[in-house]
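This report describes selected local features of one structure. Please look at the sequence and the model before reading on.

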Amino acid sequence: MPDIGPHGEPDEPGRTGINPSGLAMGEADTLEHADYSRTTGPGPAGKPRSLWQDAWEDLRRNPIFIVSALLILFLVFISIWPGVIATRSPLDCDLARSLDGPAPGHWFGFDTQGCDVYTRTVYGARASVTVGVCATAGAAVAGTLLGGLAGFFGGWWDGLLSRITDIFFGIPILLGGLVLLSVLPSTTIWTVVGFIVLLGWTQVARIARGSVITAKQNDYVMAARALGAGNARMMLRHVLPNAIAPVIVVATIALGTYVALEATLSYLGVGLKPPTVSWGIDISAAAGYIRNAPHMLLYPAGALSITVLAFIMLGDAVRDALDPKLR
């Protein structure tokens, strides 16, 4: 039993063999858990459900999330293995069938070069999905790193990174693409990805900065700082896990925007170029034949619209699940 003081209260922790730092560390962990957890229902073993567990429970019951996730999984599948549903080569063309309409075995018809539109539509998913996913990942990492450092350290570091962010944020990404990509002798998928990351990280950086500033003011972060935790531990262990949700939401919605941006740049002739197969390239080639051969435009444009819509729907569902204010 702990010793009893002269007035009937328990004696001081130091006199009962209890480690004060152990109590403080336990209190810090309790504060962090309480702030990070949601109180909408118990989880396993009666524990409060975390933000991510609550979000997953909402997502799995959301039909918009299910439909968009299935569409995206299908797009990823045909991007990796397009030959499963398209047995021909997208570069196998027959000029004798130029602009022919749909026919048995060629359900989408032929383009100006006599290439099968169905095959090119299937193979075009690879470039668009690759650019969208890689550009989003790169912009999310760069924006989270720079915005998180600015929000965590503050002071002159925050001022410097914020001004750099403002400079890049003031450059319209489409106009920047027309200027930067037009001076390059050749463009590949990775060239377009690099350009989007170069100009697309600013929005993520702003969101990450504000989220980190909010998270670092919580009690568990102050307790960890008082216990002597280093900046790296506080950032990785306490701040980042509680500040990353808004970044995930913004990045998910931006993914569809980047897919459309790649198609736009390719349509304007400064993005991907033949022999790369891209929906933007096919839409550009079909623009002059919309009256005589509307099938050339209909299918690649429809595939692009469905892809962008699927990613935007996914982002909306993730936003609703991770933002408690929208409940």
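Trp56 counts as partly exposed, because its relative accessibility is 46%; buried means under 20% relative accessible area, exposed over 50%, and partly exposed in between, with a 1.4 Å probe and protein chains only. The model is predicted: local features need pLDDT of at least 70, side-chain atom pairs count only at pLDDT 80 or more, and totals for chains, interfaces and linings use all residues. Residues are numbered from 1 along each chain as its sequence is written, and side-chain values use heavy atoms, with hydrogens and water left out.

Rings of Phe, Tyr and Trp (its six-membered ring) pair if their centres lie within 6.5 Å; planes under 30 degrees apart count as stacked, over 60 as edge-to-face and the rest as tilted. By this rule there are seven aromatic pairs. Phe65 is buried, since its relative accessible area is 15%.

## Other aromatic groups

Trp156 and Trp157 also make an edge-to-face pair, at 5.7 Å centre to centre and 85 degrees between the planes. Trp156 is exposed, at 66% relative accessibility, whereas Trp157 is partly exposed, at 28%.

One aromatic cluster is formed by Phe108, Tyr118 and Tyr299. A charged group meets a ring at Phe169: the charged end of Arg206 sits over this ring, 4.1 Å from its centre (NZ of Lys or CZ of Arg within 6 Å of the ring centre and within 35 degrees of the ring normal).

## Helix H4

Helices (H or I, at least four residues) are DSSP runs numbered from the N terminus. Helix H4 covers residues 63-80, and its 18 residues should span 26 Å at 1.5 Å a residue; the end C-alpha atoms are 26 Å apart, which agrees. The expected span is 1.5 Å times one less than the number of residues.

The buried residues in H4 are Phe65, Ser68, Ala69, Ile72, Leu75, Ile78 and Ser79. At the start of the helix, a side-chain oxygen of Asn62 comes within 3.0 Å of the backbone nitrogen of Ile64.

## Ser211 in helix H9

Helix H9 (residues 202-215) contains Ser211. This serine is buried, because its relative accessible area is 12%. Apart from neighbours within four places in sequence, Ser211 is in contact (heavy atoms within 4.5 Å) with Ala243 and Pro246. A polar atom of the Ser211 side chain lies 2.8 Å from the backbone oxygen of Ala243.

How values were computed: Helices (H or I, at least four residues) and strands (E, at least two) are DSSP runs, numbered from the N terminus. A polar contact is a pair of N or O atoms within 3.5 Å; within protein, one must be able to donate a hydrogen and the other to accept it, and residues adjacent in sequence count only if both atoms are side-chain atoms.
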